[in-house]
Structures are given as C-alpha cells and as structure tokens.
Amino acid sequence: MTGPVNVAEYEALARERMEPGAFGYLEGGAGDEITLRENCAAFERLRLLPRVLVDVSHVDTSVELLGEELDHPVLLAPTAFQTLAHPEGELASARAATQAGTLAVVSTMSSYRLEEIAAAAPGPKWFQLYCYRDRNVVRAFVQRAEAAGFRAICLTVDLPRVGQRERDLRSGFSLPADVRPRNFDDVSPTDVADSELFFRYIEGLIDPSLTWESVEWLRSVTSLPVILKGVLRADDAARAVEHGAAGVIVSNHGARQLDTAPATIDVLENIVQVVAGRVPVLLDGGIRRGTDVLKAIALGASAVLIGRPYVWGLAADGETGVRRVLELLGNEIELGMALLGCPSVADVGRDYVAGQEIADY
C-alpha cells in the first residue's frame, strides 16, 4: 500500500507541510516538556496479556457513550485553530469524525464558528467550553451550542491561567492574520484579528476563581450533559460526580499546562475506582496506537480522545487524512482485540494489562 501505515508517520508529513511556528504550537508542551514525553512513555511501559483459544471470528469495536452509538472508542479532542494545519480546519475534522462513526469535541477557539462546524457534519458533536468571568459570555456560548445541535458541553477545568509554552516563546509564534477565533467575532470588544490583543482579552476573561459552584451554575443554565475535562486526581473525580458531572475526562491538557503533572494513563485506574461506574471516564494524552486505546480501556476508560494525531492527518491530507488516522487506529483496535482474545470492547478488562500498580495520586 502507499501512504502512512501508522499514525506516527503522519507526524512527519505534518512537519513537512506546516509552517514551523505553527507546527511547534501544535507539538509543544509546557516547561521542559517532561509531561509531554511521559504521556507516551507511560503507555510503552504497560504490557498486554492475551488470552488464547477464544472465538474471535467476529470482533465488535463499537461502544455506547452518553446515549451515542460509536463505531469505536476514539473521539476527536478539542484542538484550537485547526486552519493552522489546513484551510478547512474543523470543518474537515468534524466531517471525518462523522464518516468514521465517532464524534468530534469542538473547541471554543475554533477557526470556524461553531454553527458552521455543526452544519458541515450531521453527526453527534460536543462543544468544549471555558468558564469565563463574564457569565453572560458563557451563557451565550451554551445557548449557541444548544441551538446548533451539540449533544454535550465539555467544560475544561485545568486552565485558571495559561501554561508556560516555551516553544512558542522561542519561536515568537503568533496567529497569522487569516487564522481567527471566529466564535468570538460577536463577543470580543477588541480586534480578534490582532492575536496579541485578543489573547490579552482572553487572559482577562478566563476566571481563575472557578470553583465547584461554577459547575453547578453551568448545569443550571443548560439541559445538555456537562462533562469535566482536565481531571487528574481521584478526589476531584469524586467531587465531579457529586456536583452532577455527566462524565470525566482524565487529561493534562496535552501536557500544555502544568509540567511534571503525571501521565494520564498513570492516574486513570485510581480515578476509575473512585467513580465506580457512576459516569463514563474518558482519557486523552499520549494515544498513538490502537494498543494504547486498549490499555486505557483495560484500565477502565469508556473511550479515549486524540488531539495531535488527527491534526497531523489534517495537515497531511485534509479531511481524508483525519479519516485515515481514525481508520488506522480503528483497524489496530480491531486487530488488537482479536489478538487479545476479546470479541467486544466490554471484554477488555483489567486482567489484560500488566506493568502498572495503582498510582498514589
């Protein structure tokens, strides 16, 4: 066959085709990027333990998640400014997710308006949201997401301030004039085409006093399920359930916030045990192979999200590239389940993975 045969090969293509500063923005993490490296390395330390003599003549990779039937347990994570990678940006990614039988989580910082993205792809989508000081801004975003047909609100809770992303400081990266956060066209009092002015506005808008009461307020202004993204501690996961979260995403923001925070797979099992099946637990960070997905499922995740990998596909070949990345992972999941001796995703249990004790987090 021609073309990339695994997700990692799309990274090299993306590097070739993206402007260096934009590629660095996509790839970089916070500080010394210790957590960035650990997100992948932690998966490599885990081992899969196959069971033999199981009938795997039919393998079903589908999952049910908050009422949605998905063809496989891989979602597209919210990733900002995707037109840095390809002119069709989030439109192409959302269409690819729909075609692949999964869903995209659309970033507030998308380079197309959320209504345009919803219209471009008829499948299920979630909307990622920050909780701002000005609650009227939050309420307006929620109302727009509801009207556009989004199925859930994914509240990012790990960004009271923006992390120190030193790659961008070294490169002097700023958004090109044709890449804009279009969702703020009707909100920002400043010129969103001036990236420096706009990000100053956003830094002032982000609410560093966000508390659990803010989660309850958000739930009170929407009928959509509210999922919390950015949880790394078991006690926070327990509080999320107590405050009515419909799901929890174990995430360190792609290693872009607090450097030396743990790899997400290292804290997953402890969080799953505390949540105890009351709501779905998802994971992002470090997923590069179908075997990584299976390790997360074995440790209790209902599904995973990918970020950088699908944007590599987007940069390499637009909508087709995103679709191919999802196809590669889906094929690897299906083959991995057959080789593990697991006819369904529900069969992928704790006894299929070794190499990790429950972390003390």
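## Alanine 296 and helix 12

Alanine 296 belongs to helix 12, which spans residues 290-298; helices (H or I, at least four residues) and strands (E, at least two) are DSSP runs numbered from the N terminus. The model is predicted, so local features need pLDDT of at least 70 and side-chain atom pairs count only at pLDDT 80 or more, while totals for chains, interfaces and linings use all residues. Residues are numbered from 1 along each chain as its sequence is written, and side-chain values use heavy atoms, with hydrogens and water left out.

Because its relative accessibility is 0%, alanine 296 counts as buried; buried means under 20% relative accessible area, exposed over 50%, and partly exposed in between (1.4 Å probe, protein chains only). Leaving aside neighbours within four places in sequence, alanine 296 is in contact (heavy atoms within 4.5 Å) with Phe43, Ile265, Leu268, Leu283, Ala301 and Val304. Its C-alpha atom is separated by 9.5 Å from that of aspartate 284, 12 residues apart along the chain.

## The largest nonpolar core

A nonpolar core is a set of buried Ala, Val, Leu, Ile, Met, Phe, Trp, Tyr and Cys residues joined through side-chain atoms within 4.5 Å. The largest one holds 122 residues, of which Tyr132 and Leu268 touch the most other members. Helix 13 (residues 308-340) supplies the largest share of this core, 14 residues. In soluble globular proteins, nonpolar side chains tend to be buried together.

Leu268 is also among the contacts of alanine 296. For tyrosine 132, the contacts beyond four places in sequence are Thr108, Met109, Val137, Val138, Phe141, Phe184, Leu205, Ile206 and Asp207.

## Helix 4 and serine 93

Helix 4 is largely enclosed by the rest of the structure, because nine of its 11 residues are buried. These are Gly89, Glu90, Leu91, Ala92, Ser93, Ala94, Arg95, Ala96 and Ala97. They pack against strand 4 (74-76), strand 5 (104-106), helix 5 (114-120), strand 6 (125-129) and helix 13. Glycine 101, which follows helix 4, has a positive phi near 75°.

Serine 93 is found in this helix, which covers residues 89-99, and counts as buried because its relative accessibility is 2%. Apart from neighbours within four places in sequence, serine 93 is in contact with Leu76, Gln82, Tyr310, Leu314 and Val322. The C-alpha atoms of serine 93 and alanine 261 are separated by 29 Å, the two residues being 168 apart along the chain.

## Cavities

On a 1 Å grid over the protein atoms alone, a cavity is a set of points where a 1.4 Å probe fits but cannot get out, and lining residues have an atom within 4 Å of a point. Grid points are joined across faces, edges and corners, and a volume is the space filled by probe spheres set on the points. By this rule there are two cavities of 30 Å³ or more. The largest has a volume of about 60 Å³, and its lining includes Ser93, Glu90 and Ala94, together with Leu76, Gln82 and Tyr310. Helix 4 and strand 5 each supply at least two residues of this lining. By class, the lining of the largest cavity has seven nonpolar, four polar and one charged residues; Ala, Val, Leu, Ile, Met, Phe, Trp, Tyr, Cys and Pro count as nonpolar, Asp, Glu, Lys and Arg as charged, and the others, Gly among them, as polar.

The second largest cavity holds about 30 Å³ of space. Its lining consists of Gly24, Tyr25, Gly28, Gly29, Arg165, Glu166, Arg167, Asp168 and Arg256. Helix 2 (20-27) and helix 7 (166-171) are the elements that give two or more residues to this lining, with the largest share, three residues, coming from helix 7. The lining of the second largest cavity divides into one nonpolar, three polar and five charged residues.

Threonine 156 lies in strand 7 (residues 152-156) and counts as buried because its relative accessibility is 5%. Its side chain is joined to that of glutamine 128 by a polar contact of 3.0 Å; a polar contact is a pair of N or O atoms within 3.5 Å, where within protein one must be able to donate a hydrogen and the other to accept it, and residues adjacent in sequence count only if both atoms are side-chain atoms.

A pocket is an open set of grid points with protein on both sides within 12 Å along at least five of seven lines. The second largest pocket contains about 670 Å³ of space. Of its 29 lining residues, Val157, Asp158, Leu159, Pro160 and Gly230 lie nearest its centre. Strand 8 gives the most to this lining, with three residues.
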